[in-house]
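Below is a short briefing on a structure with two chains, arranged by topic. The sequence and the structure come first, and the notes follow.

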Protein chains: 2
Amino acid sequence: MALYVQKFGGSSLADATCMQRVAQRVYDTRAEGHSVVVVLSAMGKTTDNLINLSKQVNPQPDEREMDMLLATGEQVSVAILAMALHAMGAEAVSMTGPQAGISTDSAHTKAKITEINPERIVQNLEKGRIVIVCGFQGLSPSADIATLGRGGSDTTAVALAAALKADRCQIFTDVDGVYTCDPRIVKAARKLDIIAYDEMLELASMGAKVLQSRSVEFAKKYGVELEVLTSFDRIPGTVVKEEVNDMEQIVVRGVAGDKNQAKVTIQQVPDQPGVAAKLFKELAAANVNVDMIVQNVSERGHTDISFTVPRDEVNRARTTVDQLVPALNAAGATYDIDIAKVSIVGVGMRSHSGVAYRMFEALSANKINVEMISTSEIKISVVIRSAYADQAMNVLHDAFELGQTQPAS
Amino acid sequence: MALYVQKFGGSSLADATCMQRVAQRVYDTRAEGHSVVVVLSAMGKTTDNLINLSKQVNPQPDEREMDMLLATGEQVSVAILAMALHAMGAEAVSMTGPQAGISTDSAHTKAKITEINPERIVQNLEKGRIVIVCGFQGLSPSADIATLGRGGSDTTAVALAAALKADRCQIFTDVDGVYTCDPRIVKAARKLDIIAYDEMLELASMGAKVLQSRSVEFAKKYGVELEVLTSFDRIPGTVVKEEVNDMEQIVVRGVAGDKNQAKVTIQQVPDQPGVAAKLFKELAAANVNVDMIVQNVSERGHTDISFTVPRDEVNRARTTVDQLVPALNAAGATYDIDIAKVSIVGVGMRSHSGVAYRMFEALSANKINVEMISTSEIKISVVIRSAYADQAMNVLHDAFELGQTQPAS
């Protein structure tokens with residue numbers, strides 16, 4: 001019999017009826033003979049409501065107090081689920097993050113888990129109990145409650161799965177898995193049975209909101225097998241796991257688009273050592289998250305540097321860059337918010353050539369102009385006009401035949 | 001400068017605006033140079049709402065899980081008040097019961113405080129901070145959250161005041177003090193400036209809901225000076241403290257009425273040793289709370305035994321008594337729910353004679369028949385027809401001149 005960690009998010013926990021459905025799911029897993037640790041988020045809109053309440057008394061609440069406040073949301077969830085399981089005749093016990101032995105650092109509202117002592121969980125599992133743990137929280141070195149930041153419940157689940165050497169960590173959510181592309185944009189998008197950690201990371205970092213990057217990194221680091229699945233139906237989800245050779249038969253696993261980007265170009269920068277360092281140091285100091293960076297070959301001692309930033313940070317970027325242009329002896333800077341980033345991702349790229357060529361050809365055949373290109377071992381991203389983003393995603397999805405059932409890997 | 005413990009109940013904490021008013025009150029006390037520890041209940045109807053939620057998933061929730069659930073209510077309150085105080089520029093820190101060093105026994109939902117280690121509170125007071133503690137909760141021996149039962153926040157406040165050797169424990173509520181009688185019934189009722197612990201205990205046990213008996217007992221045991229006052233106005237309340245000689249000038253401090261009583265009479269019980277013991281043992285086993293007990297002198301080897309019980313327990317009492325009547329060789333039993341208990345209370349009775357006489361004469365002059373009498377050192381209670389209860393309270397209030405300003409004591 002296996003040990004499962006099952007994590008349910010707020011949308012699966014909207015009210016008492018949802019709680020009972022989750023309880024049934026957990027109950028059934030336990031009834032099959034498996035050991036179960038459940039990790040819960042706060043119910044429905046609880047966290048938002050608590051934040052609203054706090055803003056009414058203080059526009060900038062202290063972070064330590066914010067954690068004290070928000071941690072109550074998960075505590076309500078775990079107690080209610082334990083009661084719902086008791087009503088079905090199951091043995092279950094709830095625990096706060098601190099009670100579950102989860103220690104964090106002192107970075108309130110965005111703490112990192114530093115250690116897990118799962119002794120109390122193990123003792124209860126050995127008694128046959130379902131153990132229900134508050135996601136998103138732990139105990140700081142000063143014995144305060146610290147939260148892991150939004151989405152931190154996924155991290156709690158993965159970290160507990162690692163500490164308990166669980167067989168699988170199931171992340172229940174309101175989508176039924178990871179898709180080859182966003183199904184709202186690409187009708188032919190297909191649910192993946194399996195995906196490699198690195199592929200999931202590339203997709204997560206591009207705004208596929210199924211799993212937090214942090215929890216995928218954690219799962220990869222500790223070799224925790226994840227499954228993303230829906231809490232509303234009893235169908236298998238997508239398994240996220242270590243890359244195996246078979247996976248390389250699939251060159252491209254998925255296509256992702258990100259329309260919340262802006263492009264900054266600094267023109268005619270003198271091609272001298274230290275210029276890029278100075279530029280990106282200042283941007284980091286201004287808290288601008290730079291994504292793609294492209295620098296063309298130098299022409300007559302000058303070059304253009306382009307980079308992308310999240311669209312809502314473009315004004316911060318502009319303030320910094322406009323000040324730097326004279327200092328860098330550059331000709332000027334342009335800011336373009338009508339762009340989108342479209343990417344293809346797949347670990348198979350490592351062993352297959354010609355992928356970039358097929359991507360550019362498909363876009364070109366559809367008269368979609370590529371303005372920037374950036375590649376990693378398992379990803380190729382291009383910047384195009386945002387008006388063409390949806391079309392480009394469909395074109396690439398077709399070009400790599402992602403809508404067709406692929407060989408199992 | 002003094003150390004105050006200030007406790008605010010749910011009706012003073014209904015919403016963000018109430019929280020800000022409470023924050024202002026606490027802030028002002030601190031600004032006067034005093035040290036302040038605040039104890040809070042859950043906001044408004046939070047506890048009721050959580051109980052309703054729990055009933056939706058389980059009609060009989062586990063008590064350990066109930067405590068896990070309900071403890072969140074106070075945790076929200078303390079975080080919000082800390083934020084509100086920060087917004088005013090005050091230094092403040094919130095603590096859960098366990099963080100404040102409050103240990104309890106394992107009796108979930110009705111735990112008793114076993115120990116307080118106020119080290120963390122003291123450290124924060126020494127830094128000039130206002131310390132805000134969750135009422136109603138502590139840490140059980142198994143490191144679970146245990147609650148003290150409803151009204152337990154008063155007990156938390158008094159226990160903290162005792163542990164910290166506070167100068168005064170102020171209980172803020174929605175009434176402005178303790179009255180000579182219920183002002184809804186006796187128009188002439190007057191707020192008391194001062195009352196002895198024992199008087200308050202007699203009044204509390206008769207349903208004057210201003211303070212829980214348990215917290216008054218605790219205050220008496222540890223000599224904590226209490227003040228009951230309103231959180232809505234800036235006026236002095238009623239101080240509850242150790243009896244001093246001056247207090248004895250006041251023979252009667254107050255009049256109380258209780259209409260939620262029923263009278264049971266067992267007729268013609270053989271006057272033999274062990275009969276009363278058998279009767280009240282069985283009633284206790286049936287969880288019936290017996291209040292007044294009166295047994296008349298024996299006539300020809302038989303006697304009547306009468307006692308009062310809370311009206312909603314009369315059916316349980318009837319089941320037990322009807323079974324016992326044959327075993328006791330009694331003639332029968334009667335059950336009367338149309339009664340009320342009216343009492344006068346005052347530590348001055350100890351040193352003044354003729355109080356009972358004045359009470360009975362006043363009732364008699366108004367044609368109110370006395371059916372049962374029970375006395376303690378500082379209280380005389382009578383059972384009368386419930387229809388006369390309000391009149392009797394007014395008559396006694398007048399007879400003992402409680403509406404007039406009394407000498408300070």
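Domain bounds are taken from an automatic or database domain assignment. On that basis chain A is divided into domain 1 (3-174) and domain 2 (255-399), and the centres of domain 1 of chain A and domain 2 of chain A, taken over C-alpha atoms, are separated by 39 Å. The model is predicted: local features need pLDDT of at least 70, side-chain atom pairs count only at pLDDT 80 or more, and totals for chains, interfaces and linings use all residues. Residues are numbered from 1 along each chain as its sequence is written, while chains are lettered from A and ligands numbered from 1 in the order in which they are written.

**Relation of the two chains**

**Interface**

- The contact takes 28 residues from chain B and 28 residues from chain A; two residues are in contact if their C-beta atoms, placed from the backbone, lie within 7 Å.
- On the side of chain B that touches chain A, α1 (16-31), α2 (46-57) and α3 (63-87) of chain B each supply at least two residues (helices are DSSP runs of H or I with at least four residues, strands are runs of E with at least two, and both are numbered from the N terminus).
- The largest share of that side, 14 residues, comes from α3(B).
- By type, the residues of the side of chain B that touches chain A divide into 17 nonpolar, nine polar and two charged (Ala, Val, Leu, Ile, Met, Phe, Trp, Tyr, Cys and Pro count as nonpolar, Asp, Glu, Lys and Arg as charged, and the others, Gly among them, as polar).
- The copies meet through the same surface, because 100% of the interface residues of chain B are also interface residues in chain A.

**Six-stranded sheet, chain B**

- An open sheet of six strands, with antiparallel pairing, has the order β14-β15-β13-β16-β18-β17 in chain B; strands pair if DSSP finds at least two bridges between them.
- Its edge strands are β14 (293-295) and β17 (372-376) of chain B, each pairing on one side only.
- From one strand to the next the twist averages 30° (axes are lines fitted to C-alpha atoms, for helices over the stretch in contact, and angles run from 0 to 180 degrees between N-to-C directions).
- Helix α9 (residues 314-327) of chain B packs on the sheet and touches β13 (254-270), β15 (302-310) and β16 (332-345) of chain B. The direction of α9 makes about 130° with that of β16(B).
- Five bridges pair β17(B) with β18 (residues 379-385) of chain B in the antiparallel sense, and Ile380(B) in β18(B) is the bridge partner of Thr375(B).

**Eight-stranded sheet, chain A**

- An open sheet of eight strands with mixed pairing has the order β3-β6-β2-β1-β9-β11-β12-β10 in chain A.
- β3 (92-95) and β10 (194-196) of chain A stand at the edges, each with a single partner strand, so one side of each is left without a neighbour in the sheet.
- The twist here averages 20° from one strand to the next.
- Strands β11 (residues 226-230) and β12 (residues 238-241) of chain A run antiparallel and are joined by three bridges.
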